[in-house]
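Subject: Structure for your attention

Dear colleague,

Please find below the structure that I am handing over to you. My findings follow it, and I would ask you to read them with the structure open.

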Amino acid sequence: EGVGLVSDVTTIQLGWSVLNVTAKFGFILHLQYIKSKYCKTLDATRELYGVHGGPVPAKDPEALHDGNDGGDPDDGGEQKMRTLISETMVSLNMSSHTERFMKLMLDNGIVSTDILER
């Protein structure tokens, strides 16, 4: 268009359309590559530090109760907090501060995820 080799308006518009679609498709592929690389790094980090990415299913039905039936309401609460804090700190690349942060949370009375949600 700038040199004057093509003077047909339809061909010029088609050229711009092809360039636009190619650029956007390339950008989408680049973002997908970055996301895949990040997910692989996060999975490797979780595996290295022993943090599980999702909820671990209970092996027996008794472990599924929420603790409101007269039992100890903090059963497993500290373990959930420890897992949540560990996973968060690993994803923030601050895993060396996990124990200190956990101590601060426990010292301030946040001993379960239920208290944390309030």
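A residue counts as buried when its relative accessible area is under 20%, as exposed when that area is over 50%, and as partly exposed in between. Please also bear in mind that this is a predicted model.

I begin with the chain as a whole. Its secondary structure comes to four helices and zero strands, and along the sequence the pattern reads α-α-α-α. The chain has 118 residues, of which 14% are buried. Of the contacts between residues at least 6 apart in sequence, 56% join residues that are at least 24 apart.

Next comes helix H3, which covers residues 98-107 and has Thr 98, Met 102 and Met 105 as its buried residues. Viewed down the axis of H3, these buried residues fall within an arc of 60°, so they line one face of the helix. The other side of H3 carries the exposed residues Glu 99, Arg 100, Lys 103 and Asp 107. Against what do the buried residues of H3 pack? Their partners are helix H2 (77-91) and helix H4 (113-117).

Thr 98 illustrates the point well. This residue lies in helix H3. Its relative accessibility is 10%, and because buried means under 20%, Thr 98 counts as buried. Leaving aside residues up to four places away in sequence, Thr 98 touches Ile 85, Ser 86 and Met 89.

I turn now to the packing of the two helices H2 and H3. Their axes are 10 Å apart, and the helices pack at an angle of about 140°. That angle makes H2 oblique to H3. The crossing of the two helices is right-handed. On the H2 side, the contact is made by Glu 78, Met 81, Arg 82, Ile 85, Ser 86 and Met 89. On the H3 side, Thr 98, Glu 99, Phe 101, Met 102, Met 105 and Leu 106 take part. Sorted by class, the contact of H2 with H3 consists of seven nonpolar, two polar and three charged residues.

Is Asn 93 buried or exposed? With a relative accessible area of 70%, Asn 93 is exposed, because that value is over the 50% limit. His 97 is found in the loop between H2 and H3 as well. The relative accessible area of His 97 is 29%, so this residue is partly exposed. The C-alpha atoms of His 97 and Ser 86 are separated by 9.2 Å, and the two residues are eleven apart along the chain.

Finally, I would draw your attention to Lys 80, which lies in helix H2. Lys 80 has a relative accessible area of 53% and is therefore exposed. How many residues separate Lys 80 and Thr 113 along the chain? They are 33 residues apart, while their C-alpha atoms are separated by 6.8 Å.

The buried residues of H3 line one face of the helix, because they fall within an arc of 60°. These residues pack against H2 and H4.

With kind regards

Key. Residues numbered from 1 in each chain as written. Predicted model: local features only at pLDDT ≥ 70, side-chain atom pairs only at ≥ 80, totals over all residues. Heavy atoms only, no water. Buried < 20%, exposed > 50% of the residue type's maximum accessible area, 1.4 Å probe, protein only. Arc of directions from axis to C-beta. Contact = heavy atoms within 4.5 Å. Axes fitted to C-alpha atoms, helices over the stretch in contact; angles between N-to-C directions. Parallel < 35°, antiparallel > 145°, perpendicular 65-115°, else oblique. Left-handed = near helix turned anticlockwise from the far one by under 90°. Nonpolar A, V, L, I, M, F, W, Y, C, P; charged D, E, K, R; others polar.
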